[in-house]
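Please look at the sequence and the model first.

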Amino acid sequence: MIPVHPITRRTALAASHTFLCALLLGSQAAQAQAGGDDPANHYDSYTPAQLEAVCDAMSPTRYISGLTDGGWGTLGIGGKTYYYRSACYMELVRRTGRAELCAKVVERRSLLGDGSNHSPKACAAVAAAYQAREKQSAEDVAAFKASVEGAFTISELQVQVLPGGRWRVEVHTVGQRMGNYQLQLVKVRDGAVLREETVALSRPENFQWELSRAEVVAGTLLPNIFPMAVRMSFLVPASTSRPAAEHSTGIGNFTLSAE
């Protein structure tokens, strides 16, 4: 028998240890790798209903390891680790706020990877944030609806042909909410604003404008039929929770003939 020198033995053990570590890292990297067609790379391709089926079909053991996901980056500590399936359910909860799905989120624990970002607790926080946003959005919508309730709108349009090819357009309004309003008389064909007024209303009022043939036709030859519109908007004042806004309260359409 040929004796093995102690130094040679230590070298062999170190090489064996290095080889085993390489195998371990290679195995973890293989589990963490997501191919181009992997559903985990294409969450945005699925509706919530489709994504739930994708999550259900995923392997419960496939994961990203802290060793292969920035584990040796900074401070000498591991990176983020998680199961793909749990990440899928977390994405679904982010979209829908369905807190009951958090029971399917499993936190992966390892010495070199932090899995706390994909845990039932983290999932519950995502669901709560979604529900808080939905609640705030519903409150904002309700508050805005209340702020424009009863706003003045167009109740009637009257168009009269005047001598010389002119027209008189009369606008009748109805409503109860006091405030500032904008009225525009527009040529629909090219979007040109022929008249514009900003008025303070506290009760229903009528407005009228006279239009000349020249400004309506404005060089256009055929056809001499001109779609027109009167637009009315409520200028909603700013509040503590939202900026000032322009809220359309009505559009009245009519046609002028320049034959």
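Is Gln182 buried or exposed? The model is predicted, and in it Gln182 has a relative accessible area of 14%. Buried means under 20%, so Gln182 is buried. The residue lies in strand E7, which spans residues 179-187. Beyond its neighbours within four places in sequence, Gln182 is in contact with Glu196, Glu197, Thr198, Arg231, Met232, Ser233, Leu235 and Glu246.

Next comes a helix pair. Two packed helices are described by the angle between their axes and the distance between the axes. The axes of helix H2 and helix H3 come within 9 Å and cross at roughly 160°. That angle makes H2 roughly antiparallel to H3. The crossing of the two helices is left-handed. The residues on each side of the contact are listed below.

| Helix | Residues in the contact |
|---|---|
| H2 | Pro48, Leu51, Glu52, Val54, Cys55, Asp56 |
| H3 | Arg85, Cys88, Tyr89, Glu91, Leu92, Arg95, Thr96 |

Sorted by class, the contact of H2 with H3 comprises 7 nonpolar, 1 polar and 5 charged residues. H2 covers residues 48-57 and H3 covers residues 84-96.

The remaining values concern the whole chain. The chain contains 5 helices and 11 strands. Of its 259 residues, 33% are buried. Among contacts with a separation of 6 or more, 62% are between residues 24 or more positions apart. The chain exposes about 15500 Å², and carbon and sulfur atoms supply 58% of that area.

Conventions: Residues numbered from 1 in each chain as written. Predicted model: local features only at pLDDT ≥ 70, side-chain atom pairs only at ≥ 80, totals over all residues. Heavy atoms only, no water. Axes fitted to C-alpha atoms, helices over the stretch in contact; angles between N-to-C directions. Helix = DSSP H or I, 4+ residues; strand = E, 2+ residues; numbered from the N terminus. Parallel < 35°, antiparallel > 145°, perpendicular 65-115°, else oblique. Left-handed = near helix turned anticlockwise from the far one by under 90°. Contact = heavy atoms within 4.5 Å. Nonpolar A, V, L, I, M, F, W, Y, C, P; charged D, E, K, R; others polar. Buried < 20%, exposed > 50% of the residue type's maximum accessible area, 1.4 Å probe, protein only. Areas by Shrake-Rupley, 256 points an atom, 1.4 Å probe, with all protein chains shown as cover.
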